[in-house]
Structure formats: C-alpha cells, structure tokens
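Dear colleague,

I am handing over the structure we spoke about, and below it I have set out what was found in it. Please look through the model first and then read the notes alongside it.

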Amino acid sequence: MQEALVVRRETHLSAPPAAVFALLTDPEKILRWMGTEADIEPQPGGLYLVNVTGARFARGSFREVVPVHRLAYSFGWDGSEVVPPGSSLVEIDLIEQPDGTLLRLTHTGLPNTEQCAGHAEGWAHYLGRLSTVAAGRDPGPDPFYGRK
C-alpha cells in the first residue's frame with residue numbers, strides 16, 4: 001500500500017467515547033452532522049449506507065465493531081466505477097482523554113491521489129461538523145448538500 005494513498009485525520013471531540021460512538025453508529029445521530037438518510041447496522045457484516053449529500057450514497061459493510069472504541073467498515077459510492085461500494089476501508093479509533101475523545105480516522109484503499117485529496121477534504125469537513133455536534137452545538141446547514 002502506498003502511504004500517499006492513505007487519508008489520516010485526527011480530531012479532538014468534547015464528548016466521552018460512548019457519546020461519540022453513538023454519533024457514528026446511530027442513524028438519527030449521524031444525520032445531525034452528515035447526510036440526509038442513514039441505514040446503519042453496526043455489527044460485523046452489517047450494512048453501512050449513508051446518503052451523504054442528498055445526492056450521493058456511501059455504501060459498505062462493517063468489518064469490525066468494538067463498542068465505544070473502534071469501527072472499521074468498507075466504503076465506496078453507489079454508481080461509481082472509481083470508488084465502487086465496499087472498495088476502500090475506513091477505520092475509526094476512539095481514544096478516551098480526560099477532556100473528551102481523540103478520534104483517529106484512517107481511510108485506505110482509495111485508487112489515486114485525486115480520490116485521496118477529495119476524500120481528505122470530505123473527512124475534514126464532516127469531522128468538523130461531528131466536532132461541533134459532539135460539543136452540543138448545531139453545525140447548521142451542510143454546505144456540501146447537493147454535491148455529487
């Protein structure tokens with residue numbers, strides 16, 4: 001695996017790991033910070049399906065679910081030949097800290113630097129919105145709404 005084709009993000013969230021885990025696995029809570037529809041079955045083999053922008057579905061399946069500590073799921077886009085459903089892997093680790101949670105995200109399996117750059121931008125955007133929600137605030141309307 002080429003290191004250049006890995007998206008890594010770390011962000012501190014002002015909420016305990018259990019609250020952050022719920023924001024990542026409960027469909028209603030996911031929609032507070034990302035997407036317009038979500039069908040999530042957080043168990044190994046379970047479905048990961050989120051209409052991220054109202055115009056684009058991310059689809060995959062859970063590979064690993066360790067409540068309040070770790071998620072890993074395959075990831076891709078419905079209708080995409082470049083990053084088809086399930087073709088990449090998102091791993092999220094939640095590390096408890098005295099003042100909240102460190103979220104460490106690694107996204108591997110993307111096919112090229114252009115896709116890595118686009119997904120890095122998307123993850124930075126949505127993790128920022130997650131941070132706002134974890135702190136108990138409303139992130140407001142998603143400026144990525146309608147993006148394909």
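The largest nonpolar core of this predicted model has 38 residues, and those with the most contacts inside it are Leu24, Trp33, Tyr48, Ile92 and Leu103. At least two residues of this core come from each of β1 (7–13), α1 (17–25), β3 (47–51), β4 (57–66), β5 (70–75), β6 (88–97), β7 (100–108) and α3 (113–134), and α3 gives the most, with 8 residues.

A search of the whole structure for cavities of 30 Å³ or more finds 1, and the volume of the largest cavity is about 50 Å³. Which residues line the largest cavity? The lining is made up of Leu24, Ile30, Trp33, Met34, Tyr48, Tyr73, Ile92 and Trp123, which by class amounts to 8 nonpolar residues, with no polar and no charged ones.

Turning to the strands, β2 (residues 37–40) runs antiparallel to β3 and is joined to it by 4 bridges, with Leu49 in β3 as the bridge partner of Asp39. These two strands form a hairpin with 6 residues between them, and Gly45 in the turn has a positive phi of about 90°. β3 itself is mostly covered, since 4 of its 5 residues are buried. On to β4, the pairing with β3 is again described as antiparallel, over 5 bridges, and Asn51 stands opposite Phe57 in β4; in the turn of this hairpin, which has 5 residues between its strands, Gly54 has a positive phi of about 85°.

β4 in turn pairs with β5 in the antiparallel sense over 4 bridges, with Phe62 opposite Tyr73 in β5, and in their hairpin, which has 3 residues between the strands, Val68 takes a positive phi near 65°. Because 6 of the 6 residues of β5 are buried, this strand is largely enclosed by the rest of the structure. Both of its faces are covered, with Arg70, Ala72 and Ser74 buried on one side and Leu71, Tyr73 and Phe75 buried on the other. Finally, β5 and β6 run antiparallel and are joined by 6 bridges, and the bridge partner of Tyr73 in β6 is Val90.

With best wishes

Key
Residues numbered from 1 in each chain as written. Predicted model: local features only at pLDDT ≥ 70, side-chain atom pairs only at ≥ 80, totals over all residues. Heavy atoms only, no water. 1 Å grid on protein atoms, 1.4 Å probe; cavity = no way out; pocket = protein on both sides within 12 Å on 5 of 7 lines; lining within 4 Å. Points joined across faces, edges and corners; volume = space filled by probe spheres on them. Nonpolar A, V, L, I, M, F, W, Y, C, P; charged D, E, K, R; others polar. Core = buried A, V, L, I, M, F, W, Y, C linked by side-chain atoms within 4.5 Å. Buried < 20%, exposed > 50% of the residue type's maximum accessible area, 1.4 Å probe, protein only. Pairing = 2+ DSSP bridges.
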